[in-house]
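Dear colleague,

I am passing on the structure we spoke about, and you will find it just below.

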Amino acid sequence: MSFLSPLFLAGGLAIAIPIALHLLRRDVAPEIPFTAVRLLRRSPLEQTRRRRLRDLLLLLARVTALLLLAFAFARPYFAAAAGAPALRIVAIDRSFSMGAPGRFEQAKTLARDAAGEAAAGQQVAMIAFDDRATILAPPGGSGEARRAIDALEAGSGGTRFGPLFARVQELAANGAAQLVIVSDLQRSGWSDEAPPAIAPGIDVDIRQLPDIKSNLAIRSVRRSDEAVVMTVVNAGNAAASGTARVSVDGQERGSAPFNVPPGSTTDVAVRYPAPERGVLTAAIDDPAGFPADNSRVLLLDASTRPRVTIVSGADGESGFYVARALQSVDGDDGFEVDERTVTSLGALSNEQLARSGVVVLLSTRGLDRKSRDAIAAYVRAGGGLLVAASPDVEASVLATTMGWQGFSGAVQAEPAGVLAPVDLRHPIFRPFGALAVNLGDGHFERTWTLRAEGWDVLARFTNGAPALVEKREGKGQVLLFASDLSRRWNDFPLNPAFVPFTVETVRHAAASSDRRRDYLVADAPQGVAARAGVYEAAGRRIVVNVDPRESAPAAMSATEFTKLLRPADAVTSVPLEMRAQQVESRQNLWRYGLLLMMLALIAESLVGRPAWR
Amino acid sequence: MPAPATARDLRFIDPAIISRLGTMELKARTVVEGFLAGLHRSPYKGFSVEFAEYRQYLPGDDLSTLDWKIYARSDRHYVKKFEEETNLECHVLLDVSASMAYRGTAPMSKLEYGSVLAASLAFLMHRQRDATGLIAFDERITFRLPAGARGGHLHALLLALERMQPGKQSDTARPLRQLSEALTKRSLVVLISDLLEDPAGVIKGLRHLKSRGTDLIVFQVLDPNELTFPFKEPAKFRDVESAEELLADPAAVRTAYLRELAGLTLRYDRELRGAGIDYVQLDTAQPLDFALLAYLAARQRRK
């Protein structure tokens with residue numbers, strides 16, 4: 001039961017007054033001299049006991065009346081609808097952190113029990129979630145829901161609670177529902193996004209599995225000239241040691257011992273000159289931790305590093321900052337940077353251009369028709385294009401080159417403010433995490449004012465104008481940044497966020513260009529199993545690895561988790577407080593409280609009247 | 001018992017008025033003369049005090065003893081009694097225990113009422129030339145005036161009554177026992193008490209006196225509060241003699257108390273009347289005529 005005005009319940013403390021009077025009054029009986037006390041003493045005492053009973057009944061009636069008065073003023077109501085909601089949704093976490101020995105069986109038991117607790121007539125749905133939420137059993141009988149998880153196993157995905165709640169609200173369809181979440185409540189489950197707004201009728205119940213105290217994981221693997229280096233993370237409270245092993249195409253090729261202090265990360269080098277081709281697997285043993293992160297796969301083909309062609313102006317200087325930012329990333333996560341001018345771009349054949357994962361266009365002045373056609377064809381064939389506005393980029397040339405109707409970019413000479421992402425969950429901004437605030441340190445003095453209908457806005461300047469937009473173009477992807485990346489219209493390249501912004505934007509453009517070969521489970525191409533491994537996709541070999549963020553076992557409490565869930569208070573839905581008032585006005589429980597109070601007062605007057613003596 | 005005279009006639013014996021009079025002699029005289037004045041106008045002439053000295057003419061009586069004045073007034077033949085026929089020793093036993101000092105809503109306390117009654121009776125007795133004595137008692141005899149008929153004796157008796165103070169706890173049986181040992185001739189004993197003690201001892205004592213040939217009249221004097229128990233609020237009732245306390249709710253105990261009191265009254269009435277003892281219950285808020293009439297009736301029966 002809830003109350004609209006709970007402070008009035010404090011009025012119930014007034015019951016102390018009649019109680020005090022009841023206890024104190026007995027001691028102040030007047031003394032009356034009398035002569036026939038012996039005749040009084042022979043009178044039966046049953047009436048005196050009756051008097052005491054009368055006093056107690058009076059006290060009870062008065063206390064009840066006061067409590068009911070306070071109760072009525074507090075405006076009580078029942079927040080949940082009478083009886084259990086019609087729908088019970090059981091969601092079981094199948095991220096790879098649930099794969100620790102015995103853990104997933106425990107989770108399945110909890111999920112079956114939760115399904116079995118459904119009230120008579122209540123429909124039960126079963127959802128399994130990791131990076132995505134999949135409906136295993138649509139709303140139906142609890143037996144079907146229980147059977148749906150019999151064959152379920154822990155997967156390779158990471159924990160993401162956002163897709164789960166989206167699916168839950170889909171199933172509930174704005175109605176009431178009970179949601180039971182069976183999970184280890186990893187903190188990383190909210191790292192990509194803000195907790196969602198929950199419709200008021202959804203009641204969340206958490207069945208949390210016990211914490212895992214330690215886990216060893218391979219976060220990354222790369223090769224150098226003479227060794228394969230794997231980064232091992234120890235999330236436990238004690239030092240961990242073991243043997244790191246390297247195999248290629250299934251054959252073990254080398255190993256090395258390691259010792260990782262608690263809460264630390266160590267690079268373990270296995271002396272082994274990896275070949276140019278093949279599939280390399282790095283592995284450790286961690287019998288008590290999450291199995292999925294004990295190995296990581298690396299494609300040895302050289303082309304795993306995307307090629308980035310930077311097209312600068314005739315002076316070749318406008319690409320300086322971008323090139324340095326991309327070159328700062330080494331190893332297989334890095335890029336092959338090819339710096340060209342608009343003039344030398346024309347020397348590339350279409351086939352040569354096609355080998356680039358991304359073209360970063362920083363100037364259109366002097367771009368001949370052949371080059372413009374080549375760029376357009378490259379993008380439509382699946383290439384990624386990043387254009388940065390600058391004095392050397394002409395919006396009209398872009399529009400003509402790409403055939404964009406209604407596209408324009410007028411130079412805005414007034415300061416546009418700072419950069420602000422629209423959605424921190426976007427792959428460009430997700431890696432920033434809490435460091436996304438650094439994006440706001442750069443000041444943009446000049447920008448393009450874009451007229452870009454049909455583009456997705458990924459970031460804005462604080463004056464509200466679009467800062468970074470993207471759109472699909474054929475099989476490829478185009479990203480347009482509304483200010484320059486060469487420090488002519490802003491001081492962004494001097495900002496610490498410039499390098500990760502440039503790297504992630506280029507990486508996103510490359511990934512979207514469909515030439516990527518290294519994926520996480522969450523963004524594996526369609527048709528590829530959501531499990532770590534080596535697959536063929538679109539005529540080429542790709543590797544899928546688990547998300548290293550899932551290796552951190554740190555969990556939140558059920559209370560902390562529940563507090564993060566915001567009640568839906570969007571403009572289009574009724575604010576929570578108003579909804580409570582609506583529910584209370586329908587129930588009008590305060591009237592019953594006052595009616596009962598009147599009955600208590602009537603009883604008090606009846607008991608207290610002289611005839612009752 | 002015949003009905004008393006009208007209220008107008010008995011206005012002089014209203015306790016509220018009597019209580020405002022000065023000396024006991026004045027009170028007693030007012031009561032008696034007022035009572036007698038009322039009786040004169042009463043159709044029940046047989047209760048005239050004057051006639052207490054006479055008896056009806058019986059065939060064979062000496063005609064010289066006929067009182068022709070009375071015949072002229074009453075058209076009846078009466079002869080004067082011999083002195084020895086009228087020579088009665090009367091003893092008034094007045095309970096002065098602490099409970100007699102109780103005054104509820106009545107104009108006088110029980111002791112005051114009893115004192116006026118005793119004084120009034122002494123007045124009447126004196127007019128009839130009966131020797132009258134007074135014994136005051138609580139748990140023992142506190143005052144004793146032997147019976148006498150001289151003029152100064154009445155004055156001394158009235159003065160003693162005026163000075164009466166309440167004593168301690170009551171024990172009626174003891175003075176009765178002492179009196180029964182002391183009485184040597186035919187006597188009339190008038191007991192004035194509230195009798196709020198163990199009735200067994202009182203009844204035994206009275207019966208013993210009766211068995212010695214003594215005529216007895218018992219006046220039980222009670223306050224209206226004792227008779228009706230009008231209290232409403234719970235209170236701590238403290239006994240004025242024993243200091244015993246009882247916390248009680250009047251509403252809860254009234255019915256039982258009145259039943260106990262009625263039982264006590266009934267027992268006195270049944271056992272005393274059965275022993276030939278006159279028993280009269282008096283309310284201190286009511287005029288004393290009832291008591292005086294009762295005395296006269298009892299006196300009449302002893303002729």
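In chain A, helix α10 passes helix α11 in a right-handed crossing; please keep in mind, here and throughout, that this is a predicted model. The two helices, α10 with residues 369-380 and α11 with residues 395-402 of chain A, pack at an angle of about 60°, and their axes lie 9 Å apart. Since angles under 35 degrees count as roughly parallel and 65 to 115 as roughly perpendicular, α10(A) and α11(A) are therefore described as oblique to each other. On the α10(A) side the contact is made by A:R372, A:A376, A:V379 and A:R380, while α11(A) contributes A:V397, A:T401 and A:M402. Sorted by class, this contact of α10(A) with α11(A) holds four nonpolar residues, one polar residue and two charged ones.

The second pair belongs to chain B, where the axes of helix α7 (residues 173-182) and helix α8 (residues 199-211) come within 8 Å and cross at roughly 15°. That angle falls under 35 degrees, and α7(B) and α8(B) are therefore roughly parallel to each other. The crossing of α7(B) and α8(B) is left-handed. From α7(B) the contact draws on B:A173, B:L176, B:L179 and B:S180, and from α8(B) on B:G201, B:V202, B:G205, B:L206, B:H208 and B:L209. The residues in this contact of α7(B) with α8(B) divide into six nonpolar and four polar, with no charged residue among them.

Of the contacts in chain A with a separation of 6 or more, 74% are accounted for by residues 24 or more positions apart. Chain A exposes about 28400 Å², and carbon and sulfur atoms supply 55% of that surface.

Chain B, for its part, has eleven helices and ten strands, and buried residues make up 53% of the 303 residues in this chain. Residues 24 or more positions apart account for 73% of the contacts in chain B with a separation of 6 or more. The accessible surface of chain B comes to about 13700 Å², of which 51% belongs to carbon and sulfur atoms.

Notes
Residues are numbered from 1 along each chain as its sequence is written. Chains are lettered from A and ligands numbered from 1 in the order in which they are written. This is a predicted model: local features need pLDDT of at least 70, side-chain atom pairs count only at pLDDT 80 or more; totals for chains, interfaces and linings use all residues. Side-chain values use heavy atoms; hydrogens and water are left out. Axes are lines fitted to C-alpha atoms, for helices over the stretch in contact, and angles run from 0 to 180 degrees between N-to-C directions. Helices (H or I, at least four residues) and strands (E, at least two) are DSSP runs, numbered from the N terminus. Angles under 35 degrees count as roughly parallel, over 145 as roughly antiparallel, 65 to 115 as roughly perpendicular and the rest as oblique. A crossing is left-handed if the near helix is turned anticlockwise from the far one by less than a right angle, and right-handed if clockwise. Contact means heavy atoms within 4.5 Å. Ala, Val, Leu, Ile, Met, Phe, Trp, Tyr, Cys and Pro count as nonpolar, Asp, Glu, Lys and Arg as charged, and the others, Gly among them, as polar. Buried means under 20% relative accessible area, exposed over 50%, partly exposed in between (1.4 Å probe, protein chains only). Accessible areas come from the Shrake-Rupley method with a 1.4 Å probe; for residues, only the protein chains shown count as cover.
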